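Visitor: I have a model open and some questions about it. Can we go through it piece by piece?
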Amino acid sequence: MDPQGSGHEPEAAPPRSTHPRVLAVAVQKGGTGKTTLAASLAVAAAEAGERVTALDLDPQGSLAGWGATRETDTVAIDRLQPWEIGQLPEILDILAQQGTTLVVLDTAGSSSGLAPALKDADFVLMPVRPSRLDIVAARPTLQALMTLGLRGRFALVLNQCPPPPSPRTSAYAAQLRALGVLAEPGIIHRVDHQDALATGLGVTEYAPTSPAAEEIRALWAWIDAKMRASRSDDQP
Ligand SMILES: Nc1ncnc2c1ncn2[C@@H]1O[C@H](COP(=O)(O)OP(=O)(O)O)[C@@H](O)[C@H]1O
Ligand SMILES: [Mg+2]
């Protein structure tokens, strides 16, 4: 992280409520769409009025690479090295002072830095493809979230879904919905997502009127409402 213009350390840590909201995109499996969704959700949240910083916690640096190709600064993008992840609370203080209202964390999922990232998240979005292998692979992250006491603060989103009707996808959705851990809507496999990321854009910038953009806006609205509900649960 390069906290440009961040000034000095605060004299006293502000209370947690002054932190930006933190959305982590995390699951213990590669290729499920964490970076794709983190990037487009960050852009969609900025379009909805948030001041967004996206932090790349994955040593592969895909999100940071996407950020480097962006020509606008509507989303601030930075990269945390593995040894900096433990400093996330202090980094959130700095970002709060700089006016960030939402931090989106893109993670490697299986790295040793996962637990601290999840510990500091208000909500964890876990992208999985509608396949048994992906859903089974998500279990360790689910267990980690339970251990961290984050029940009610995470959800799986089905990503790269085949176009409907897909009885298999509907069956997985029904199972996860019944468990209360399904984020909606599911995201269909569409090349707009790939083309957007390849050109340094969120899908709502790349193809604003496309079904892909509509799904991402709706998913951000769902997450936003969940995060607000869980924050109000925290109020005394
Ligand atoms: N909804 C989607 N539609 C089409 N392609 C997608 C979608 N989500 C992800 N992809 C593609 O799947 C691959 C893995 O996505 P990525 O975001 O890099 O996953 P992760 O960060 O979990 O490793 C990439 O090639 C990406 O373009
Ligand atoms: Mg990734």
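Visitor: How many residues does H1 have, and how far does H1 reach from its first C-alpha to its last?
Guide: H1 has 14 residues and reaches 20 Å, close to the 20 Å expected at 1.5 Å a residue. The expected span is 1.5 Å times one less than the number of residues. Helices here are DSSP runs of H or I with at least four residues, strands are runs of E with at least two, and both are numbered from the N terminus.

Visitor: Before going on, what kind of model is this, and how is the numbering done?
Guide: This is a predicted model, in which local features need pLDDT of at least 70 and side-chain atom pairs count only at pLDDT 80 or more, while totals for chains, interfaces and linings use all residues. Residues are numbered from 1 along each chain as its sequence is written, with chains lettered from A and ligands numbered from 1 in the order in which they are written.

Visitor: Back to H1. How many of its residues are buried?
Guide: 13 of the 14 are buried, so H1 is largely enclosed by the rest of the structure. Buried means 20 or more other C-beta atoms within 10 Å of the residue's own, exposed means 12 or fewer, and partly exposed is in between, with C-beta atoms placed from the backbone.

Visitor: What follows H1?
Guide: Glycine 49, with a positive phi near 110°. Helix H3 (residues 88-97) is likewise followed by a glycine, glycine 99, whose phi is positive, near 100°.

Visitor: Which residues touch the most others in the largest nonpolar core?
Guide: Ala42 and Val104, out of 65 residues in that core. H1 gives the most to this core, with nine residues. A nonpolar core is a set of buried Ala, Val, Leu, Ile, Met, Phe, Trp, Tyr and Cys residues joined through C-beta atoms within 7 Å.

Visitor: What is alanine 42 in contact with, neighbours within four places in sequence aside?
Guide: Val52, Ala54, Val75, Val104 and Gly202. Contact means C-beta atoms, placed from the backbone, within 7 Å of each other.

Visitor: On to the strands. How many residues of S5 are buried?
Guide: Six of six, over residues 123-128. Phe123, Leu125 and Pro127 are on one side, and Val124, Met126 and Val128 are on the other.

Visitor: Which strands pair with S5?
Guide: S1 (residues 21-25) pairs with S5 in the parallel sense over three bridges, and S6 (residues 154-158) pairs with S5 in the parallel sense over five bridges. A pair needs at least two DSSP bridges. Valine 25 stands opposite leucine 125, and proline 127 stands opposite valine 157 in S6.

Visitor: Which residues are joined by cis peptide bonds?
Guide: Proline 164 and proline 165 are joined by one, with omega about 0°; proline 165 is also in the loop between S6 and H7. Another joins glutamate 184 and proline 185, with omega about 5°, and proline 185 is in the loop between H7 and H8.

Visitor: Last topic: how many residues surround ligand 1?
Guide: 16, the closest being Gly33, Lys34, Thr35, Thr36 and His193. A residue is near the ligand if its C-beta atom, placed from the backbone, lies within 6 Å of it. H1 and H8 (191-198) each supply at least two residues of the shell.

Technical notes: Two residues are in contact if their C-beta atoms, placed from the backbone, lie within 7 Å.
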